[in-house]
Amino acid sequence: MNTTGKVDVLLGLQWGDEGKGKVVDVLTPNYDVVVRFQGGPNAGHTLEFEGQKYVLRSIPSGIFQGGKVNIIGNGVVLAPDLFMGEAKDLEKSGHPLKERLHISKKAHLIMPTHRLLDRAYEAAKGKAKVGTTGKGIGPTYTDKISRNGLRVGDILENFQEKYAAHKARHMKMLEALGWTDFEGFDEVEKTWMEGVGYMRQFHFVDSEHEINNILRSGKSILCEGAQGTMLDVDFGSYPFVTSSNTVCAGACTGLGIGPNKIGEVYGIMKAYCTRVGAGPFPTELFDETGKMLRDLGHEYGAVTGRERRCGWVDLIQLRYSIMINGVTQLILMKSDVLDSFETIKACVAYKLKDGSLTEELPYELEGVEPVYKEFPGWKTDMTKFTEQSQFPQAFHNYIKFLEDFLETPIKIVSIGPDRDQTIIL
């Protein structure tokens, strides 16, 4: 019988920004290959080590592990100009990308006109804005689904012709939307074309074959998800979601692997909750506590710099995410942000508009009221701790409650941004 490797999946369980980049960086030494399976440059994974800070948008976070192959899968959407900027920055810092990074020919390209369409659609929505990052992600996935997409593999043959045809189609759509703001477009397009030229230096692969061959050879793969479960196009707080499947199933469609190949599913959660952009957020705090969480947690977007909305942890939402993804182990991030709080709260039920209580995530999240359980804070600076035995008793109790309520073990606790501030339980 041939030995087969395994695919473990790492996912955010909330509305994104859970700290996935750091965790991938902690876990990658245990894997042979790291892959991205969905999303685009609207998600930034921040990694800090050796006094340097890196924000990765499209490149898998395993790129810092010497000599390992990293793959951008078919489910990802790529912007050649942004990819070029990100890759060149990494090369400057001494990470040789061209040998390490493989790109799926089936990944779709984000065109400059997709960004204009993104802004035009948002403007047309008026008050019903979704709060996109304006990076052209939605329109690129729309083209993909409507069978009009331009893919990485198209770069290899008659590319200019294909590009011109797609651009002409987009221009008609922009005209119909009454969009007239083309300021700086020519410059963007020029850089974009340079990015396409730069991408030609990389390995373009049929990633589904490559990934399955890697598994056949007995090697292990870590799949890195972008954004969070509550931004999934099917299971998130629709329509305030992203355009891809951010859940575990997205790893199968975004890479071409069978569901039976998936081993561990690592679910990442923050010790509190944040959200960027519009949309329902049951535990959001508008008071001093919310501001304190934002400041202590440095809750500002890695890509956009915008303030994140902050609130207490929502265990009903987390239980839902664990169920949808089949999470096998939890990773608790940013526990240190709660170090100075007198009282910690966790949402354990929702009160619906009709006054009834539920422990299941309802179809409509808008207008539900969180029901909280309170815990005494630990009032201890945990950022210097190096092992579990140093945790204060109140924090031990809190972890135990989370594990019981979520029916899933917490295996890793993060107590600061650095790679070293990570405690394996």
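**Close-up views of a predicted model**

**View 1. Helix α4 meets helix α7.** The axes of α4 and helix α7 (residues 185-199) come within 9 Å and cross at roughly 135 degrees. Axes here are lines fitted to C-alpha atoms, for helices over the stretch in contact, with angles running from 0 to 180 degrees between N-to-C directions. Helices are DSSP runs of H or I with at least four residues, strands are E runs of at least two, and both are numbered from the N terminus. On the α4 side, the contact uses Pro112, Thr113, Arg115 and Leu116, and α7 brings Phe185, Val188, Glu189 and Trp192. Contact means heavy atoms within 4.5 Å. Sorted by class, the α4 contact with α7 has 5 nonpolar, 1 polar and 2 charged residues. Ala, Val, Leu, Ile, Met, Phe, Trp, Tyr, Cys and Pro count as nonpolar, Asp, Glu, Lys and Arg as charged, and the others, Gly among them, as polar.

This is a predicted model, so local features need pLDDT of at least 70 and side-chain atom pairs count only at pLDDT 80 or more, while totals for chains, interfaces and linings use all residues. Residues are numbered from 1 along each chain as its sequence is written, and side-chain values use heavy atoms, with hydrogens and water left out.

**View 2. Thr113, a buried residue of α4.** Thr113 sits in helix α4 and is buried, at a relative accessible area of 0%. Buried means under 20% relative accessible area, exposed over 50%, and partly exposed in between (1.4 Å probe, protein chains only). Not counting residues up to four places away in sequence, Thr113 touches Lys167, His170, Met171 and Phe185.

**View 3. Helix α4 meets helix α5.** Here the axes of α4 (residues 112-125) and α5 (residues 137-145) come within 7 Å and cross at roughly 105 degrees, so α4 and α5 are roughly perpendicular to each other. His114, Leu117, Asp118 and Tyr121 of α4 make the contact with Ile137, Pro139, Thr140 and Asp143 of α5. By class, that is 4 nonpolar, 2 polar and 2 charged residues. The buried residues in α5 are Ile137, Pro139, Thr140, Tyr141 and Asp143, and they pack against β6 (77-78), β8 (108-109), α4 and α6 (159-176). Just after α5, Arg147 takes a positive phi of about 60 degrees.

View 4. The unreviewed UniProt entry has a "binding site" annotation covering Asp17 and Gly44; UniProt positions follow the numbering used here, feature names are shortened, and annotations may be inferred rather than shown by experiment. Asp17 lies in the loop between β1 (7-12) and α1 (20-27). With a relative accessible area of 27%, Asp17 is partly exposed. Leaving aside neighbours within four places in sequence, Asp17 is in contact with Lys270, Thr274, Val276 and Arg308.

**View 5. Helix α1 and Lys20.** Helix α1 is mostly covered, with 7 of its 8 residues buried. Lys20 belongs to α1 and counts as buried at 3% relative accessibility. Lys20 and Ala226 are 206 residues apart in sequence, yet 8.0 Å apart in space, C-alpha to C-alpha.

Methods. Parallel < 35°, antiparallel > 145°, perpendicular 65-115°, else oblique.
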